[in-house]
Amino acid sequence: MQTKNTTKVPRRRFFKWGVGVISGAMGLGYLGLAGSYLWPPPENTEPLEKVGSVKDFPQGIPTMVSYQGVGVKEGVYVTNLGNGNWLALDFHCTHLNCPVAWSQSSKKYFCPCHGGIYDINGNVLGGPPPHPLPRRVIQQQGDNVMVGGRLT
Amino acid sequence: MKKWLDERLQFSTLIASMFEHPVPKPSSFMDYLGFATFFIFLSQAITGILLATAYIPSATDAWESIKNLEATPVGHFVRSIHSWGANFMIVLVLFHLLRVFYEAAYKKPRELTWLLGVILLIGTIGLSFTGYLLPWDQQGYWASTVGTAMAAYVPLIGEFVVRVMRNGSEVTGATLTRFYSVHMLLLTVLILIAFAPHFFFVLRQGMSATDELTAAKRRGENIETRSMPFWPNVAWRMMLTLLLVGIALWVAATLAPKGLGDPADPLNKNQYIPQPAWYFFGVYQLLKYFPPKLDPLAMVGLPAIAIIVLVGLPWFDRNPSRFPRQRPIALAVATLLVAGMAYLTYQGFRSVPKALVTTTVTQPSYKRDIDPIFQNKCVMCHGNSGNYHLDTYAGVTMKNVIPGNPNDSVLVKKITGVMQPQMPLGQKPLSSGQIQTIKNWIQDGAKNN
Ligand code: FES
């Protein structure tokens, strides 16, 4: 009897551990699967897209263009800074992502939600936004103005 | 049938343990709120399954599919019930929570029931948040954009969390399918998993209101006169409550059918001003009062504290008493919080852009005609944080208004554009009717009427 018992206990302990280890491993497997499946696409992998020709953008006046993203159009303000220099700003306010609008009469961007104000370069002039407007990749290729993903 | 089940499952003891406990007289309708919430959940499940047969979860088709659904009276009605049901569920779950708090029913031995309740509350809020985006209209699109943007204020991982929620850096079709799956499956399953033990514990332990009675019974006292049986007396009262809630829901859906706004426009060409669902008005309003530096506190800190307090309440509150008189601090703090939240929600309501009259009012009153214009169009900038406040009568008339002389008033010059830059900045100007209304009011003496 004595000998039987001593051999049995480690066996049971092995089973207990086994149940824990197997369920843990299977759980982790599915968790990992879900994690990698739901992982968001890496930033700034959007392709360059033509948003207009040089003549569409009068110098010094931000113009709103749309960039065809995944299933939706994305709002981008493009400014021709002259001498082949360009600036592309994402139109989502950095406070809580409301859409900002350029006001030509006051030469500023305004956010309708909590009164965020930005200058033409997207720097914060007032209100709650914590950062400048996000910049996006922009290139002039010949006569074409091309916009890409967000610069981080 | 009963016998058949009994042979196999000892059914009648099970039923007896669930239904045959005595309930103190009088039994309060407030104790049925949890049950009513569950009823609304069932209604949401039924209407949700129906809606899923017509809804197409894609950025290009979602709005259209709802539009088509609205074309049939039954389809429209089912959608209205679902949408109203969401509001009912939030309200009932909150009242249920308050009632349980007031009754101190979260205390020993019911800590786990409370904890599961907190999970159910969070699940309910999650359901309404994710459901809001699904019609893919302007309101839902921008509310979801702003709502997910809040997560960016979580230290260190904030930006990443936003991208996980949106499945990218903006709210797109990929966000929609993600929300759809979370709304229909993840949260619903989570709620069911948490609900089963939540409900089981209540059956097992009885409501806290029955404790006294049970103790008396154990002491061998006769409780006949001060109690009534759960089955069928209380059950009947519960069904009546459900009937009332059900009627209210159907009547609301009939009288105020749920509309569908303009389709989501991520470019926001019509300069729609984002606004949250009403149950987030409190937070929405709080943000306006908080100086920008404290934004992370309002957006992440306070919700986190709220969750910690809710989860830990049975352990934080060490006062064993259940009588309201003996819990002055707990009740005072809770009353203060509820009053504060109610006030903020009310203020949020007031300042949310509503459909304003755009035509001229000849004898305008400040409260009825003028204040709403300012609240809708101006206080986002000229509220508590600007130099010129347009949110109170005193603020409006402090300067820039010359009673009896609209054309020389700076306020009028600003909104007409005579003085640049024209207000509201970066937005569409006020309609000529609205401008004339303001002029008329100043002409009449800019009275506080
Ligand atoms: S979202 Fe722009 S100021 Fe708040």
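This is a predicted model: local features need pLDDT of at least 70, side-chain atom pairs count only at pLDDT 80 or more; totals for chains, interfaces and linings use all residues.
Helices (H or I, at least four residues) and strands (E, at least two) are DSSP runs, numbered from the N terminus. Residues are numbered from 1 along each chain as its sequence is written, chains are lettered from A and ligands numbered from 1 in the order in which they are written, and side-chain values use heavy atoms, with hydrogens and water left out.

Chain B holds 18 helices and two strands. Its C-alpha trace spans about 90 × 50 × 50 Å along the principal axes. Of its 449 residues, 45% are buried. Buried means under 20% relative accessible area, exposed over 50%, and partly exposed in between (1.4 Å probe, protein chains only). The chain exposes about 23,500 Å², and carbon and sulfur atoms supply 69% of that area. Accessible areas come from the Shrake-Rupley method with a 1.4 Å probe; for residues, only the protein chains shown count as cover.

Now look at contacts, meaning heavy atoms within 4.5 Å. Among contacts in chain B between residues at least 6 apart in sequence, 73% join residues at least 24 apart. Gly312(B) sits in helix H13 (residues 295-316) of chain B. Gly312(B) has a relative accessible area of 10%, so it is buried. Glu111(B) is 201 residues from Gly312(B) in sequence, yet their C-alpha atoms are 9.2 Å apart in space. Thr345(B) belongs to helix H14 (residues 328-351) of chain B. Thr345(B) counts as buried because its relative accessible area is 18%. Leaving aside residues up to four places away in sequence, Thr345(B) touches Trp278(B), Phe281(B) and Gly282(B).

Turn to charge. Lys and Arg count as positive and Asp and Glu as negative; His and the chain ends are not counted. Each charge is placed at NZ of Lys, CZ of Arg, CG of Asp or CD of Glu. Chain B carries 38 positive and 25 negative charges, and their mean positions are 4 Å apart.

Side chains of opposite charge can pair when their charged atoms come close. A salt bridge is a side-chain nitrogen of Lys or Arg within 4 Å of a carboxyl oxygen of Asp or Glu. Over all chains, 17 salt bridges meet this rule. One of them joins Arg79(B) to Glu70(B), with the closest N and O atoms 3.0 Å apart. Both Arg79(B) and Glu70(B) are buried.

Follow Arg150(A) next. Arg150(A) forms a salt bridge with Asp90(A), at 3.3 Å between the closest N and O atoms. Arg150(A) is in strand S10 (residues 144-150) and Asp90(A) in strand S4 (residues 85-90) of chain A, so this pair links distant parts of the chain, 60 residues apart. Arg150(A) and Asp90(A) are both buried. Arg150(A) also meets Glu170(B) in a salt bridge (4.0 Å, N to O). Glu170(B) lies in the loop between helix H8 (158-166) and helix H9 (173-205) of chain B, and Arg150(A) in strand S10 of chain A, so the pair joins two chains. Glu170(B) is buried, as is Arg150(A). A network of salt bridges links Glu74(A), Asp90(A), Arg136(A), Arg150(A) and Glu170(B).

Finish on the surface. Lys8(A), Arg11(A), Arg12(A), Arg13(A) and Lys16(A) form a patch of positive charge there. Patches are made of residues with over 30% relative accessible area and no salt bridge: like charges are joined within 9 Å, nonpolar side chains (Val, Leu, Ile, Met, Phe, Trp, Tyr) within 5 Å. Arg13(A) is part of helix H1 (residues 2-38) of chain A. With a relative accessible area of 53%, Arg13(A) is exposed.
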